[in-house]
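My entries follow the order in which I looked things up.

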Amino acid sequence: MGKGGSLSDSVLKKILLSYTYVAIWIFLSFTVIVYNKYILDKKMYNWPFPISLTMIHMSFCATLAILLIKVFKFVEPVSMSRDVYLKSVVPIGALYSLSLWLSNSAYIYLSVSFIQMLKALMPVAVYSIGVLLKKENFKSNTMANMLSISLGVGIAAYGEARFDTWGVILQLGAVAFEATRLVMIQILLTSKGITLNPITSLYYVAPCCLVFLTIPWIFVEYPVLKETSSFHFDFVIFGTNSLCAFALNLAVFLLVGKTSALTMNVAGVVKDWLLIAFSWSVIKDTVTPINLFGYGLAFLGVAYYNHAKLQAMKAKEAQKKAQQADEEAGRLLEEREGEGNGKRTESGD
């Protein structure tokens, strides 16, 4: 009874820990999105400089990642040659900088709720780019599901009260660059056996992101900031905002490490609905019934996509276990045959 009780206690502890990691990730992801919106929106803090904000985040995150890896030895660095860094990490850094720049820029033009609805297109973009780059196999039922997600987002866009074409272009561009980055991680890193967690990823990617962002910053934002003599760097606002962005990366490290990437996908859906509710009730963004209907349709498509991925992962795992069992049985049979032949030789002597 005691043994069974301790087992159920350990299972309960594991479940509670998983839910705690999920809650921390949802809270931090939620905070970073709302905080970025607050800083960039002209009706709130009114600091519409998305490149500068992204550069502050990258500088802060790179510094902390270097401290955690080099000084505190919190995470082991990945052994990587200069050639691999230039050919694999640098292109991923370029895509990441573009994705962050465009997604932060969208906050100036679109509501938080509508941005979350447009982000539902991420599986569509990842799958389409995966098919184009031959990392995914084309399946008509998967493509039909992708079309249903796209239709849902299209209906949500049709029902948007504060529709802004430029804002939509920016957010769709951010989704396209982020999806390309995710596929390129598979092609350039995973295929070479290199696995980066969020801390080592920031250690390698954040400095090169900073370099890429400096180029558009010099031409787009620096001249405007130079003229804005009234601006004083607010250490409290930008410091806490950057700390939240770094804490979010740590939370991803904990969540994926202690649960799974799929848990993060499911938690992401919960976070999106919470953000839509917050955007409507607190920020007072207009959320129409057509918005909700369209996003609900897209949400069902994303849920089905995640379910299909989980089933495929389970089938792959079962196949792997069956293969291992067959190999073990074959090895045992060979050993028995070897023993039998040995005994026959002894009796012959």
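Entry 1, helix 7. I listed the buried residues of helix 7 and found Gly167, Val168, Leu170, Gln171, Gly173, Ala174, Val175, Glu178, Ala179, Arg181, Val183 and Leu188. Buried here means under 20% relative accessible area, exposed means over 50%, and partly exposed lies in between (1.4 Å probe, protein chains only). Helices (H or I, at least four residues) and strands (E, at least two) are DSSP runs, numbered from the N terminus.

I note for the record that this is a predicted model, in which local features need pLDDT of at least 70 and side-chain atom pairs count only at pLDDT 80 or more, while totals for chains, interfaces and linings use all residues. Residues are numbered from 1 along each chain as its sequence is written, and side-chain values use heavy atoms, with hydrogens and water left out.

I then looked up what covers the buried residues of helix 7; the cover includes helix 3, helix 4 (112–119) and helix 5 (122–132). Contact means heavy atoms within 4.5 Å.

I checked the length of helix 7 (residues 165–188). Its 24 residues should span 34 Å at 1.5 Å a residue, and the end C-alpha atoms are 34 Å apart, so the two agree. The expected span is 1.5 Å times one less than the number of residues.

At the N-terminal end of helix 7 I found Asp164 as the cap, with a side-chain oxygen 3.1 Å from the backbone nitrogen of Trp166.

I placed Ser88 in helix 3 (residues 82–109). Ser88 is buried, with a relative accessible area of 0%. Which residues does Ser88 contact, leaving aside its neighbours within four places in sequence? I found Leu188, Leu189 and Lys192. The side chain of Ser88 reaches the backbone oxygen of Leu188 at 3.2 Å, and Leu188 is itself among the buried residues of helix 7.

Asn36 lies in helix 1 and is buried, at 5% relative accessible area. I found a polar contact of 3.4 Å between the side chains of Asn36 and Asn104. A polar contact is a pair of N or O atoms within 3.5 Å; within protein, one must be able to donate a hydrogen and the other to accept it, and residues adjacent in sequence count only if both atoms are side-chain atoms. Beyond four places in sequence, Asn36 is in contact with Leu53, His57, Asn104, Tyr107 and Asn241.

I found Asp41 in the loop between helix 1 (2–40) and helix 2 (50–71). Is Asp41 buried or exposed? Asp41 is buried, with a relative accessible area of 6%. Its side chain makes a polar contact of 2.7 Å with the side chain of Lys37. Not counting residues up to four places away in sequence, Asp41 touches Asn46 and Tyr107; Tyr107 is also one of the contacts of Asn36. I took one distance as well: Asp41 and Thr195 are 154 residues apart in sequence and 36 Å apart in space, C-alpha to C-alpha.

I counted 12 helices and zero strands in the protein chain. The C-alpha trace spans about 100 × 50 × 50 Å along its principal axes. Buried residues make up 41% of the 349 residues. Of the contacts between residues at least 6 apart in sequence, 85% join residues at least 24 apart.
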